[in-house]
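Hi everyone, thanks for making the time. I'd like to walk you through one structure today, so let me put it on the screen.

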Amino acid sequence: MNSVPTQTETEEREMIEAIEAMLPRFAKHRSALIPILQAVQQEHGYLSGGAMERVAEYLEISPSEVYGVATFYNQFRFHPPGRHQIKVCLGTACHVAGGDIILENFERKLGIRAGETTPDREYSVERVACVGCCALAPVAIVDGTVLGHMQPSRVEGLFVQFQVEREREEREKAEREPGGEQDA
């Protein structure tokens, strides 16, 4: 019986195909492991189990060795990132200024823990070490924008902003579609 591949299975297959095309750029030596993993993550946003297995096969090392190296460095993600990426600094200055409370607010609002992505892949939350903005503590980085002097009340405000943005995008999309408001 043939089944229809899920979105995740299709994405995984496409990722593996892209990795296949990328691998010949790298030496077939274990010293290329980290550069390969970085390239995969840069291209796809995370390292899937299948991706790590394919890299292990290419380098002729065990998948557990690839996994061990990837999990050693906190730069690598193992789940697809959300459309909106939220990083909360928990360096010393941010921790002392309440960074853990800011992180907890994001986690509670989204119903996920740090390191996870919402099921709709809209948001992901990460805890990060010092981002170098100690004078602005506590700091969160939302979609690459540094937000200093974070307060729990700003967390709620960010989600109101996201909702307004999403509604605007949906309205503009509806206007562009045939039979949309523009054609009326």
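Arg-54 has a relative accessibility of 15%, and because the cut-off for buried is under 20%, Arg-54 counts as buried. Please keep in mind that this is a predicted model. Where does Arg-54 sit? Its place is in helix α3, which covers residues 49–59. And which residues does Arg-54 touch, if we leave out those up to four places away in sequence? They are Ile-16, Ile-19, Glu-20 and Leu-23.

Now over to the strands. β1 and β3 run parallel, with 6 bridges joining them. Here you can find Cys-89 standing opposite Val-128 of β3. β1 is also joined to β4, this time by 3 bridges, and that pair runs antiparallel. For Ile-86, the bridge partner in β4 is Val-142.

Next, helix α7, residues 152–176.

Which residues of α7 are buried? Those are Val-155, Leu-158, Phe-159 and Phe-162. The cover over them brings us back to the strands: it includes β1 (84–89), β3 (123–128), β4 (140–142) and β5 (145–147), along with helix α6 (99–110).

Technical notes
Residues are numbered from 1 along each chain as its sequence is written. This is a predicted model: local features need pLDDT of at least 70, side-chain atom pairs count only at pLDDT 80 or more; totals for chains, interfaces and linings use all residues. Side-chain values use heavy atoms; hydrogens and water are left out. Buried means under 20% relative accessible area, exposed over 50%, partly exposed in between (1.4 Å probe, protein chains only). Helices (H or I, at least four residues) and strands (E, at least two) are DSSP runs, numbered from the N terminus. Contact means heavy atoms within 4.5 Å. Two strands pair if DSSP finds at least two bridges between them.
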